[in-house]
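Please examine the sequence together with the model displayed below. The paragraphs that follow lead through it step by step.

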Amino acid sequence: FKAQNGHCNVSRNDAQNKTLGIWVKTQRMLYKKNTLSSDRTEQYKKNTLSSNRIQQLNSIGFIWDKRDHAWNEKFDQLCAFKAQNGHSNVSQNDAQNKSLGIWVNNQRIAYKRNALSSNRIEQLNSIGFI
């Protein structure tokens, strides 16, 4: 899948890869629940994820948290925008950067509502955003 699509983000709604998509979702769920098995016999139990499997998935760029990944991608886009334009005030009306402008606005709203993690605030502060 990665060789053909350039990523490991398989949707469980993808008709051609439904089984793989369900498997990907299961790996994410096990990782999030921190059901890491420590010994070889444990890894064959249905609801565990071995450290070896985690390493293997990490080695191919497996995305454990789609939301964090999406946030980081937008943050990287914002950094590139700022480098090019000298500011981080992306307009929602800018046709070229509409989705980034919406994301920027959502970050400001989340900040005002105290809904941003301290890590994200720190990242945004590091580029003079907040």
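Two residues are said to be in contact, or to touch, when they have heavy atoms within 4.5 Å of each other. The model considered here is predicted: local features need pLDDT of at least 70, side-chain atom pairs count only at pLDDT 80 or more, and totals for chains, interfaces and linings use all residues. Residues are numbered from 1 along each chain as its sequence is written, and side-chain values use heavy atoms, with hydrogens and water left out.

The overall division comes first. The protein is split into domain 1 (1-60) and domain 2 (66-127), with bounds that come from an automatic or database domain assignment. Taken over C-alpha atoms, the centres of domain 1 and domain 2 are separated by 29 Å. An unreviewed UniProt entry carries the annotation "domain: Helicase-associated" for residues 1-43 and 68-129; UniProt positions are given in the numbering used here, feature names are shortened, and such annotations may be inferred rather than shown by experiment. Helices (H or I, at least four residues) and strands (E, at least two) are DSSP runs, numbered from the N terminus.

Helix α2 (residues 18-32) contains Tyr31. Tyr31 counts as partly exposed because its relative accessibility is 37%; buried means under 20% relative accessible area, exposed means over 50%, and partly exposed lies in between (1.4 Å probe, protein chains only). Which residues does Tyr31 touch, not counting residues up to four places away in sequence? They are Leu49, Ile54 and Trp64. Tyr31 and His7, 24 residues apart in sequence, have C-alpha atoms 19 Å apart in space.

Attention now turns to a pair of helices. The axes of α4 (residues 66-85) and α5 (residues 98-112) come within 10 Å and cross at roughly 105 degrees. Axes are lines fitted to C-alpha atoms, for helices over the stretch in contact, and angles run from 0 to 180 degrees between N-to-C directions. The helices α4 and α5 are therefore roughly perpendicular to each other, a term for angles of 65 to 115 degrees, while those under 35 count as roughly parallel, those over 145 as roughly antiparallel and the rest as oblique. On the α4 side, the contact is made by Trp71, Lys74, Phe75, Gln77, Leu78 and Phe81, and on the α5 side by Ser99, Leu100, Trp103, Val104 and Gln107. Of these residues, seven are nonpolar, three polar and one charged. Ala, Val, Leu, Ile, Met, Phe, Trp, Tyr, Cys and Pro count as nonpolar, Asp, Glu, Lys and Arg as charged, and the others, Gly among them, as polar.

The loop between α4 and α5 holds Ser88. Is Ser88 buried or exposed? Ser88 counts as buried because its relative accessibility is 6%. Not counting residues up to four places away in sequence, Ser88 touches Leu78, Phe81, Lys82, Val104, Arg108, Gly128 and Phe129. Gln96 is also placed in the loop between α4 and α5, but Gln96 is exposed, with a relative accessible area of 75%.

Asn114 is found in the loop between α5 and α6, and its relative accessibility of 71% makes it exposed. Most residues other than glycine have a negative phi. Asn114, however, has a positive phi, near 55 degrees. Finally, helix α6 (residues 118-126) includes Asn125, which is partly exposed at a relative accessible area of 39%.
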